[in-house]
Amino acid sequence: MSSNLLKLPDNIEPVTDADEEIFLVYTALNQKPLDQTGPDGFHGLGHVDSRQDTLSIRFELTAPSQPTSSGAAESKSASRSRKGKSARKTRGEETSHVIEIELAQDKTALRSRKGDTGSVLWRASIAFAQVILQQHRFPPSNPLVDKDLLRESHVLELGAGTGLLSIALSACAKSYTATDIAPLLPLIRKNVALNFAGWMQNTKPPEGSPGSNISVEELDWETLLSLPPTRRSLYYPKPPEANAKWDLILIVDCIYHPSLLPALVETIETVSTAGKTWALVIVELRQEDVVREFLERWLNKETWRLFRMDGFLDLPYIVWACQKYA
């Protein structure tokens, strides 16, 4: 089923050389000067706003404009629709939809817990969720993800941080498991509970209710790497369905520290199944040498086909779609 989960453009060429790929993406980045200073004053890090205890995230999804008899664009007043409501055209077709998410941050942990980066929200997660939600609600002719197959898929997110993506995207999938190191799990569970009635730290809402398909589990990449290969399959979380394998792995803005790269690559390799699992890697282009090392390590596995999805997100983000093959 999941072999067709991601729909790649015809004649797309795989990435086979890390140096060549890095040259291409950073050349494009350098030709497009960007102001990467966030509202919290930090330059180039990618936080949304690390000063705030709580953020309100709003995704406005809009149907593609249809030409009218006069050639004028459709009114944009629908974008002001209330939470959970959809504006309608006169003939009853949906024109827009709004999703609002409340998200807590742990700004104290960001400053006091060594190596902590997941306790605040990063812009890459918002950018990725916006496009996935837009394509899911109003499918274009060439969506990246097959909507119907995603609905039957088990999704695993590595380095989930605040849990935004689990809240935003869980309704699109059969199951969604958000993972991170143990100290971050209470924050993820808190945020899921903020957005889904009946969800508490240790209690889920009834099956079929919004958010009931979300699981929050520990998955420390360095712990996995430290285990003998024969024991690693006993450590990482499995899909909630008996005998199921992961269909899609999400790795969103997790490539930032060289010391974590061996463990991250080994984790992706371990949790994936040849001929079935796809991975989407979203990177904000920061340190060139770190991204190069990640690509080198992953390509050296020789068990993955990597494809750069140009145009899916704007720079400074790069998206690689990857499938593990037998």
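Start by selecting Asn-11, which sits in the segment before helix H1 (18-30). Helices here are DSSP runs of H or I with at least four residues, strands are runs of E with at least two, and both are numbered from the N terminus. You are looking at a predicted model, in which local features need pLDDT of at least 70, side-chain atom pairs count only at pLDDT 80 or more, and totals for chains, interfaces and linings use all residues. Residues are numbered from 1 along each chain as its sequence is written, and side-chain values use heavy atoms, with hydrogens and water left out.

Asn-11 counts as exposed because its relative accessibility is 74%. (Buried means under 20% relative accessible area, exposed over 50%, and partly exposed in between, with a 1.4 Å probe and protein chains only.)

Now jump to Asp-253, in the loop between E7 and helix H9 (261-271). Asp-253 is not a glycine either, yet has a positive phi of about 55°. Is Asp-253 buried or exposed? At 10% relative accessibility, Asp-253 counts as buried.

**A cis peptide bond**

Next, select Leu-315 and Pro-316 together and look at the bond between them: it is cis, with omega near 20°. Pro-316 belongs to the loop between strand E9 (304-308) and strand E10 (317-324).

**Into the cavities**

Searching the whole structure turns up two cavities of 30 Å³ or more. A cavity is a set of points on a 1 Å grid, over the protein atoms alone, where a 1.4 Å probe fits but cannot get out; lining residues have an atom within 4 Å of a point. Points are joined across faces, edges and corners, and the volume is the space filled by probe spheres set on them.

For the largest cavity, with about 90 Å³ of space, select lining residues including Phe-128, Ile-132, Tyr-176, Leu-248 and Leu-250. Helix H3 (123-137) and strand E7 (248-252) are the elements that give two or more residues to this lining. The lining has twelve nonpolar residues, no polar and no charged. (Ala, Val, Leu, Ile, Met, Phe, Trp, Tyr, Cys and Pro count as nonpolar, Asp, Glu, Lys and Arg as charged, and the others, Gly among them, as polar.)

Finish at the second largest cavity, about 60 Å³ in volume. Select Ile-132, Gln-135, His-136, Pro-143, Val-145, Lys-147 and Leu-150 to show its lining. Two or more of these residues come from each of H3 and helix H4 (147-150), and H3 gives the most, with three. By class, this lining has four nonpolar, two polar and one charged residues.

Technical notes
1 Å grid on protein atoms, 1.4 Å probe; cavity = no way out; pocket = protein on both sides within 12 Å on 5 of 7 lines; lining within 4 Å.
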